[in-house]
Amino acid sequence: MLLFLVIYLFAIMGCLFFGVNDPARFGTVPTSMLSLFQVSTLASWTSIAYTSWFGCQVFLGDPYGGDSQDNPSIIHTDFGDFQGFKCDKDEPKPVVTFLFFSLYIVLTSWVIMSLF
């Protein structure tokens with residue numbers, strides 16, 4: 001329950017701090033919670049942090065792989081239509097990113113270690 005509370009509170013802060021720069025991972029609270037769960041497991045968390053640190057124009061990570069022709073807003077496939085993500089507003093925030101992810105990783109690691 002404590003881990004859920006920490007993830008939920010940081011998801012709200014992540015939406016406020018990084019939602020404009022990284023809408024694929026921090027656009028809404030549920031997607032923020034999923035992204036932060038990935039960060040709490042320390043599985044490829046750097047690609048999430050680098051997008052917020054350098055901005056989505058400089059760090060062309062997973063959902064922002066190219067220009068607008070390569071990254072349409074709607075992707076049509078045989079399995080259905082999916083939302084694509086564009087880097088509309090580039091706002092790198094290195095200091096906020098460092099503080100946010102450092103504090104989050106320390107807190108979630110402490111909560112997970114206290115479970116055992």
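Predicted model: local features only at pLDDT ≥ 70, side-chain atom pairs only at ≥ 80, totals over all residues.
Biologist: Let's get oriented. How many helices and strands are there in the protein chain, and what pattern do they follow along the sequence?

Modeller: There are five helices and two strands. Read along the sequence, the pattern is α-α-α-α-β-β-α. Of the 116 residues, 33% count as buried. The accessible surface comes to about 7,200 Å², and 69% of that belongs to carbon and sulfur atoms.

Biologist: Take helix 5. What span does helix 5 reach, and what span is expected?

Modeller: Helix 5 covers residues 94-114, which is 21 residues, and reaches 30 Å from its first C-alpha to its last. At 1.5 Å a residue the expected value is 30 Å, and the model is close to that.

Biologist: Which residues of helix 5 are buried, and what puts them on the same side?

Modeller: The buried ones are Thr97, Phe100, Phe101, Tyr104, Ile105, Thr108 and Val111. They cover an arc of only 140° around the axis, so they sit on the same side of helix 5. On the other side, Val95, Leu99, Val106, Trp110 and Met113 are exposed.

Biologist: And what covers the buried residues of helix 5?

Modeller: The cover includes helix 1 (2-18), helix 2 (23-26), helix 3 (29-40) and helix 4 (45-54).

Biologist: Give me one example from helix 3. Why is Ser40 called buried?

Modeller: Ser40 has 9% relative accessibility, and buried means under 20%, so Ser40 counts as buried. Ser40 is placed in helix 3. Leaving aside neighbours within four places in sequence, Ser40 is in contact with Tyr104, Thr108 and Ile112.

Biologist: How far apart are Ser40 and Thr108, in sequence and in space?

Modeller: They are 68 residues apart in sequence and 6.0 Å apart in space, C-alpha to C-alpha. For the protein chain in general, take contacts between residues at least 6 apart in sequence: 61% of them join residues at least 24 apart.

Biologist: Leu16 is in helix 1. What makes Leu16 exposed?

Modeller: Leu16 has 67% relative accessibility, and exposed means over 50%, so Leu16 counts as exposed.

Biologist: How many salt bridges does the count come to, and what makes Arg25 and Asp22 a salt bridge?

Modeller: The count comes to two. The side chains of Arg25 and Asp22 meet at 3.5 Å, N to O. The cut-off is a nitrogen within 4 Å of a carboxyl oxygen, so this pair passes. Arg25 is buried, and so is Asp22.

Biologist: How do you know that Lys93 and Glu91 form a salt bridge?

Modeller: Their closest N and O atoms are 3.8 Å apart. With the cut-off being within 4 Å, this pair therefore counts too. Lys93 is partly exposed, with a relative accessible area of 24%. Glu91 is also listed as partly exposed, with 24%.

Biologist: Where is Phe59, and why is Phe59 called partly exposed?

Modeller: Phe59 lies in the loop between helix 4 and strand 1 (74-77). Neighbours within four places in sequence aside, Phe59 is in contact with Ser47, Tyr50, Thr51 and Phe54. Phe59 and Pro92 are 33 residues apart in sequence and 9.8 Å apart in space, C-alpha to C-alpha.

Biologist: Last stop, the backbone. What phi do Leu42 and Ser44 have?

Modeller: Leu42 has a positive phi of about 60° although it is not a glycine. Ser44 has a positive phi of about 55°, and Ser44 is not a glycine either. Leu42 is found in the loop between helix 3 and helix 4, and that loop is the place of Ser44 as well.

Biologist: Why are Leu42 and Ser44 called partly exposed?

Modeller: Exposed means over 50% and buried means under 20%, so Leu42, at 46% relative accessibility, counts as partly exposed. Ser44 has a relative accessible area of 47%, so Ser44 is partly exposed.

Technical notes
Residues numbered from 1 in each chain as written. Heavy atoms only, no water. Helix = DSSP H or I, 4+ residues; strand = E, 2+ residues; numbered from the N terminus. Expected span 1.5 Å × (residues − 1). Buried < 20%, exposed > 50% of the residue type's maximum accessible area, 1.4 Å probe, protein only. Arc of directions from axis to C-beta. Contact = heavy atoms within 4.5 Å. Areas by Shrake-Rupley, 256 points an atom, 1.4 Å probe, with all protein chains shown as cover.
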